[in-house]
Structures are given as C-alpha cells and as structure tokens.
Amino acid sequence: MIAVTVSADPIDPSDALARFCRAAEDVGAIVHFLGVVRGRSGDVQLREIRLEHYPGMCERLLEERARAIAARFDLARVAVRHRIGRIRPGETIVWVATAGTHRRQAFLGAEALMDYLKTEAPFWKKEVAVDGRSWWVAARASDEAARRRWEQMARTGMEPTAEDSVKNTG
Amino acid sequence: MEDDMSERSEGRLRVLYFAALRERLGLAEEEVDWPPAGGTVACLRAHLAARHDDLASLFTADALKIAVNQRYADAKTLIRPGDEVALFPPVTGG
C-alpha cells in the first residue's frame, strides 16, 4: 500500500503517524522520518522557504519510487507527504513512513526513499532571509552520492536480506 | 483516428520551465516549432539555445535536467510533436 501526498497544507506529523499506524496491521516495525525547515542558512536568519514543484511528474515519480522501495525492502506500507509553497522554520517539509516485518527493512526503506526523493523528485527550494533577500538552494553532491550508493547496493546485492534481519533482531 | 491526433499536435511542442530556469527566462512555458517526425533531446537543447541566444548557456549547461512526458530523458531520447517537455535545474526538495 502506497500513499503519496504533495500539498500546501501543513503536515501534522503525529496525526500522520497515527493514521499510518492504524492502517498498518500485522507489521513488526514502523519507521518515520521528518524533514524540518531550518531557521538559518549559514549566518543568515531565514523568514521562510518557498517550495516549487512540477505537478504531475512529482507525484508520479514519488509513487513509482515508493512502490519500488516497498518491493525491494519487502515493506507492507510506504507513505510520503511533501509540502509546497511557503514554509516557515520549524515546520515539517517532508514526512516519510515505512512499515514492514522487521526494523532493518523499515529503516533502510525510509532512508532509501529520502535519498531518491532528494535527488529525483522535481522540487526546488528557495530560501528567503528575514531582510527579504532570496536565493535558490543549490543541489548537493553528497545527496547524489547517497542515491548512487543504493543503486550500487542493488547491483552488487550488498544489502541486508530478511534473513539477516531475523539474525540481527534482539 | 491517428490523423486527428497528429493534426492537433503536428509541428508544435510545449516546453515547461521551472525554478531558477523559469526566472532567468521570464517564462513558465512556451511553444516551439518541432519536426513532425520528431527529434532528440540534444536537438531541442540546440534549438532552444539558438532561440534564446542571449541566454544560450542555460540550455547547454551540463546540470540541466530534461523530462519528456514526465520522465527523465537523456540526450538521445526522441521527442515527438505534442509531447510534454520540461527543463529544470537539479532538484532540491526534502
């Protein structure tokens, strides 16, 4: 079960998690992650960020990635919510959740989904300082490297299997 | 039936721009003439660089991303009239 939402509405993480848990039956592990807007960029205090996206492609790509990650890590449910528009420091910009039989798969799935989201989902972030100056945020090479790591792992089969998780539990 | 489709879209292409690229061009989208038989992404970049000659470097930049019908494309991807094409800078969500 995959759920993708891209919206200007604020994200209430506890409400999102509660709904996700209610819907995720017969799972042993649930992981969720919040991305939060920082109040500073270097030495500059920020008033807000503005999030632009490519409607259509964005939702479609997130859904495809979430589906692929659910299959790859044997997850029963994957959910992602992303905000667009004006977002203030301290507010949640992105929320992802994964549910599966074992914690290792749930952790890996959440991390992989975030790495794909950051490097592939067509969102663009503009920072606005308290004095009104604004600029587009540059993409980071470290995010790209993180995504490539998942592809490398998939090619070489170097990722934990369900059996590993069983062995590592406890 | 097929003729109806091609008649509507023949020779035109809708190109969308996002984020910093949209701001630099002062355009969210535009329509360009396009060969009925189609052409590659590389052709489109060259075409747009010539059309916006004062901002040509925006279209030749290595970092530029291109999606055809909402999927990432490479230089060899074929674009046909009527396709939805989008050009944008590297993404920065999350």
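Predicted model: local features only at pLDDT ≥ 70, side-chain atom pairs only at ≥ 80, totals over all residues.
Residues are numbered from 1 along each chain as its sequence is written, and chains are lettered from A and ligands numbered from 1 in the order in which they are written.

We can start with chain A. Its secondary structure comes to five helices and nine strands, where helices (H or I, at least four residues) and strands (E, at least two) are DSSP runs numbered from the N terminus. Along the sequence, these elements of chain A follow the pattern β-α-β-β-β-α-β-β-β-α-β-β-α-α. The radius of gyration of chain A, 17 Å, is close to the 15 Å that the globule rule gives for 170 residues, so chain A is as compact as a globular protein of that length; the radius is taken over C-alpha atoms, and the rule is 2.2 Å times the number of residues to the power 0.38. Taken along the principal axes, the C-alpha atoms of chain A fill a box of roughly 55 × 35 × 35 Å. Of its 170 residues, 43% count as buried; buried means under 20% relative accessible area, exposed over 50%, and partly exposed in between (1.4 Å probe, protein chains only). Among the contacts in chain A with a separation of 6 or more, 79% come from residues 24 or more positions apart, a contact being heavy atoms within 4.5 Å.

Next comes the interface. Here 20 residues of chain B are in contact with 27 residues of chain A. The two chains bury about 1900 Å² between them, 54% of it on carbon and sulfur atoms; this is the accessible area (1.4 Å probe) that two parts lose on being put together, summed over both. Gln70(B), Thr92(B) and Gly94(B) supply 35% of the area that chain B buries against chain A, more than any other three residues. Across the interface, 14 residue pairs are in polar contact, with both residues at pLDDT 80 or more. A polar contact is a pair of N or O atoms within 3.5 Å; within protein, one must be able to donate a hydrogen and the other to accept it, and residues adjacent in sequence count only if both atoms are side-chain atoms. On the side of chain B that touches chain A, α2 (19–25), β5 (71–72) and β7 (84–88) each supply at least two residues, and α2(B) gives the most, with four residues.

Another pairs Glu23(B) with Lys126(A), the closest N and O atoms being 2.6 Å apart. This pair crosses from helix α2 of chain B to strand β8 (residues 123–129) of chain A. Glu23(B) is partly exposed, with a relative accessible area of 39%, whereas Lys126(A) counts as buried at 11%.

Other salt bridges lie within a chain. Glu63(A) and Arg67(A) form one at 3.4 Å between the closest N and O atoms; these two residues are four apart in helix α2 of chain A, a separation of about one helical turn. In chain B, Arg14(B) and Glu29(B) form a salt bridge with the closest N and O atoms 2.9 Å apart. Arg14(B) lies in strand β1 (residues 12–17) and Glu29(B) in strand β2 (residues 29–33), so the pair ties together parts of chain B that are 15 residues apart in sequence.

A few single residues also deserve a look. Glu120(A), in helix α3 (residues 103–120) of chain A, counts as buried at 10% relative accessibility. Leaving aside residues up to four places away in sequence, Glu120(A) touches Leu61(A), Arg65(A), Arg147(A), Tyr72(B) and Val91(B). Asp74(A), a residue other than glycine, has a positive phi near 55°; Asp74(A) sits in the loop between α2 (57–72) and β5 (75–83) of chain A and counts as exposed at 56% relative accessibility. Asn69(B), not a glycine, has a positive phi of about 50°. Asn69(B) lies in the loop between β4 (65–68) and β5 of chain B and is partly exposed, at 36%.

Methods. Heavy atoms only, no water. Salt bridge = Lys/Arg side-chain N within 4 Å of Asp/Glu carboxyl O.
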